[in-house]
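Colleague: Could you take me through how the helices pack in this model?

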Amino acid sequence: MIDDAAVREADPAGRAGSGRARHDFPETYRRELPLLTRFIMKHGASPQEAADAAHEAFATAYPQWSTIQYPARWLRTVAVRVYFRARLREDLPGELPAAPAESHVPTNIQLSDQEREVYTALAELPSRQRQVMAWFYDGYAITEIADVLEITKESVRQNLCRARATLKARLSQQGGA
């Protein structure tokens, strides 16, 4: 299983400077793909949906890689947009293409029972609370979350507080049931 904290310790918020060479892309891909996939799952995506969104974010990043100042933040922003766009397409009438092959799901992401419970509880949160918690769980500061989501710091704090209370209540109910 990937140790998110150990990976984040090496580059806590993707703050590598601009002008990175293309040779950094493969290393960032290996390091960030599992983390990015989990980040999308925190927004309510299935592992397959999350993996697809993460791969598409990397594909979008590659041609402009040397110009991306904060790659971890950029990838998360793009991947979330990709995921929500795909969800909107699913709600449209008409036939959709066949689901992508299972081979796109990263094999190094294994969830414990406790992680599954947390992801399920996160998926039940209101959208904004789920967004704030996903960014917070990935190690971003309140100020950074406010900047990315274009909301006030107070709104971030309020959503964190409400989400934590809801998660605590739901997870303690499941533990006591």
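**Helix packing**

Modeller: Helix 3 covers residues 47-61, which is 15 residues, and spans 21 Å from first to last C-alpha, close to the 21 Å expected at 1.5 Å a residue. The expected span is 1.5 Å times one less than the number of residues, and helices are DSSP runs (H or I, at least four residues) numbered from the N terminus. This is a predicted model, in which local features need pLDDT of at least 70 and side-chain atom pairs 80 or more, while totals for chains, interfaces and linings use all residues. Residues are numbered from 1 along each chain, and side-chain values use heavy atoms, without hydrogens or water.

Colleague: At what angle do the axes of helix 2 and helix 3 cross?

Modeller: Axes are lines fitted to C-alpha atoms, for helices over the stretch in contact, with angles from 0 to 180 degrees between N-to-C directions. The axes of helix 2 (residues 24-41) and helix 3 come within 8 Å, and the crossing angle is roughly 140 degrees.

Colleague: Which residues of helix 7 does helix 6 meet?

Modeller: Helix 6 (residues 127-137) and helix 7 (residues 142-149) have axes that come within 10 Å. From helix 6, Arg 128, Gln 131, Val 132, Trp 135 and Phe 136 meet Ile 145, Val 148 and Leu 149.

Notes. Helix = DSSP H or I, 4+ residues; strand = E, 2+ residues; numbered from the N terminus. Contact = heavy atoms within 4.5 Å.
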